[in-house]
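Colleague: Please take one part of this model and look at it closely. Pick a site where side chains meet, and set it in its surroundings.

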Amino acid sequence: MASKAANAKKRVIISHVNLSPELLEAFKATYPYGYGEALIRIDKPAGDFFYAVPFETEEISYLVKVDVKIDTKPEEDLDKDYYADDEDEISGADQIADGADDDDE
(Lines give C-alpha, C1' and ligand atoms only; values in the text may rest on other atoms or scores of the structure.)
Protein backbone atom coordinates (compact mmCIF):
# COMPACT_ATOMS: atom_id res chain seq x y z
CA MET A 1 0.00 0.00 0.00
CA ALA A 2 1.39 3.41 -0.98
CA SER A 3 1.90 5.93 1.77
CA LYS A 4 -0.40 8.90 2.09
CA ALA A 5 2.55 11.29 1.55
CA ALA A 6 3.39 9.63 -1.77
CA ASN A 7 -0.16 10.20 -3.03
CA ALA A 8 -0.40 13.82 -1.83
CA LYS A 9 -0.12 16.55 -4.42
CA LYS A 10 2.57 19.16 -4.21
CA ARG A 11 1.12 22.43 -2.88
CA VAL A 12 2.28 25.73 -4.40
CA ILE A 13 1.36 29.39 -3.89
CA ILE A 14 1.97 31.44 -7.04
CA SER A 15 1.03 34.93 -8.19
CA HIS A 16 -1.41 35.21 -11.09
CA VAL A 17 1.16 37.26 -13.04
CA ASN A 18 3.75 34.46 -12.68
CA LEU A 19 1.62 31.69 -14.21
CA SER A 20 3.09 30.19 -17.37
CA PRO A 21 1.02 30.65 -20.53
CA GLU A 22 -0.08 26.99 -20.34
CA LEU A 23 -1.15 27.30 -16.69
CA LEU A 24 -2.89 30.60 -17.41
CA GLU A 25 -4.96 28.95 -20.16
CA ALA A 26 -5.86 26.05 -17.84
CA PHE A 27 -6.75 28.55 -15.08
CA LYS A 28 -9.05 30.45 -17.46
CA ALA A 29 -10.65 27.16 -18.56
CA THR A 30 -11.29 26.24 -14.93
CA TYR A 31 -12.94 29.62 -14.24
CA PRO A 32 -14.49 30.66 -17.59
CA TYR A 33 -17.01 33.00 -15.91
CA GLY A 34 -14.62 34.46 -13.34
CA TYR A 35 -13.33 33.30 -9.99
CA GLY A 36 -15.22 35.66 -7.65
CA GLU A 37 -17.11 32.80 -5.99
CA ALA A 38 -13.92 30.78 -5.45
CA LEU A 39 -11.88 33.65 -3.98
CA ILE A 40 -10.55 32.99 -0.48
CA ARG A 41 -8.72 35.18 2.01
CA ILE A 42 -5.48 33.76 3.39
CA ASP A 43 -4.38 35.23 6.73
CA LYS A 44 -0.65 35.18 7.41
CA PRO A 45 0.79 34.84 10.94
CA ALA A 46 2.11 38.42 10.96
CA GLY A 47 -1.42 39.77 10.57
CA ASP A 48 -1.12 40.42 6.83
CA PHE A 49 -3.37 38.69 4.33
CA PHE A 50 -3.79 38.04 0.64
CA TYR A 51 -6.51 36.71 -1.63
CA ALA A 52 -6.11 33.55 -3.65
CA VAL A 53 -8.04 31.19 -5.88
CA PRO A 54 -7.62 27.40 -5.62
CA PHE A 55 -6.49 25.75 -8.85
CA GLU A 56 -5.69 22.06 -9.38
CA THR A 57 -3.64 20.24 -11.98
CA GLU A 58 -2.93 16.51 -11.99
CA GLU A 59 0.38 16.98 -10.18
CA ILE A 60 0.05 20.24 -8.23
CA SER A 61 -2.51 21.97 -6.04
CA TYR A 62 -2.09 25.74 -6.50
CA LEU A 63 -3.25 28.77 -4.60
CA VAL A 64 -3.12 31.53 -7.20
CA LYS A 65 -2.60 34.93 -5.56
CA VAL A 66 -4.73 37.66 -7.13
CA ASP A 67 -4.96 41.39 -6.60
CA VAL A 68 -8.24 42.50 -5.04
CA LYS A 69 -9.35 46.10 -4.74
CA ILE A 70 -11.31 46.60 -1.55
CA ASP A 71 -13.81 49.45 -1.34
CA THR A 72 -12.98 51.27 1.89
CA LYS A 73 -15.44 54.14 1.44
CA PRO A 74 -17.91 54.49 4.30
CA GLU A 75 -21.48 53.64 3.29
CA GLU A 76 -22.63 57.22 3.95
CA ASP A 77 -20.15 58.48 1.34
CA LEU A 78 -21.49 56.01 -1.23
CA ASP A 79 -24.96 57.55 -0.92
CA LYS A 80 -23.53 61.04 -1.47
CA ASP A 81 -22.23 59.97 -4.88
CA TYR A 82 -25.70 59.14 -6.18
CA TYR A 83 -28.13 61.40 -4.39
CA ALA A 84 -28.35 65.18 -4.76
CA ASP A 85 -28.33 67.19 -1.53
CA ASP A 86 -31.56 66.74 0.47
CA GLU A 87 -33.34 64.94 -2.38
CA ASP A 88 -34.73 61.45 -2.63
CA GLU A 89 -33.98 61.15 -6.34
CA ILE A 90 -30.72 59.97 -7.77
CA SER A 91 -28.76 62.91 -9.13
CA GLY A 92 -28.61 62.95 -12.91
CA ALA A 93 -31.80 60.90 -13.28
CA ASP A 94 -33.49 63.75 -15.21
CA GLN A 95 -30.67 63.88 -17.74
CA ILE A 96 -30.79 60.12 -18.20
CA ALA A 97 -34.57 60.16 -18.63
CA ASP A 98 -34.37 63.10 -21.07
CA GLY A 99 -31.68 61.33 -23.09
CA ALA A 100 -33.75 58.13 -23.27
CA ASP A 101 -36.74 60.08 -24.63
CA ASP A 102 -34.59 61.59 -27.39
CA ASP A 103 -33.55 58.14 -28.58
CA ASP A 104 -37.16 56.93 -28.80
CA GLU A 105 -38.26 59.67 -31.19
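Modeller: The chain has four helices and four strands. Helices (H or I, at least four residues) and strands (E, at least two) are DSSP runs, numbered from the N terminus. Along the sequence they follow the pattern α-β-α-β-β-β-α-α. The model is predicted, so local features need pLDDT of at least 70 and side-chain atom pairs pLDDT 80 or more, while totals for chains, interfaces and linings use all residues. Residues are numbered from 1 along each chain as its sequence is written, and side-chain values use heavy atoms, with hydrogens and water left out.

The site to look at is S61. S61 sits in strand β4, residues 60–66. Its relative accessibility is 18%, so S61 counts as buried. The classes are these: buried is under 20% relative accessible area, exposed is over 50%, and partly exposed is in between (1.4 Å probe, protein chains only). Of the 105 residues in the chain, 16% count as buried.

Now its neighbours. Leaving out residues up to four places away in sequence, S61 touches K9, K10, R11, V12, F55 and E56. Contact here means heavy atoms within 4.5 Å. With E56 there is also a side-chain polar contact of 2.8 Å. A polar contact is a pair of N or O atoms within 3.5 Å; within protein, one must be able to donate a hydrogen and the other to accept it, and residues adjacent in sequence count only if both atoms are side-chain atoms.

A salt bridge is a side-chain nitrogen of Lys or Arg within 4 Å of a carboxyl oxygen of Asp or Glu. K9 is partly exposed, because its relative accessibility is 34%. E56 is partly exposed too, at 46%. For the chain as a whole, residues 24 or more positions apart account for 40% of the contacts with a separation of 6 or more.

β3 and β4 pair in the antiparallel sense over six bridges. Two strands pair if DSSP finds at least two bridges between them. The bridge partner of V53 in β4 is V64. Three residues lie between β3 and β4 in their hairpin.

On to β2, residues 40–43. Four bridges join β2 to β3, and the two run antiparallel. I42 has F50 as its bridge partner in β3. β2 and β3 form a hairpin with five residues between them, and G47 in the turn has a positive phi of about 100 degrees.

The structure holds two salt bridges. D43 is exposed, because its relative accessible area is 53%. R41 is partly exposed at 44%.

Last, the surface. F49, V68 and I70 make a nonpolar patch of about 240 Å². Patch residues have over 30% relative accessible area and no salt bridge; like charges are joined within 9 Å, and nonpolar side chains (Val, Leu, Ile, Met, Phe, Trp, Tyr) within 5 Å. V68 belongs to the loop between β4 and α3 (75–82). V68 is partly exposed, at 36%.

Terms used: Areas by Shrake-Rupley, 256 points an atom, 1.4 Å probe, with all protein chains shown as cover.
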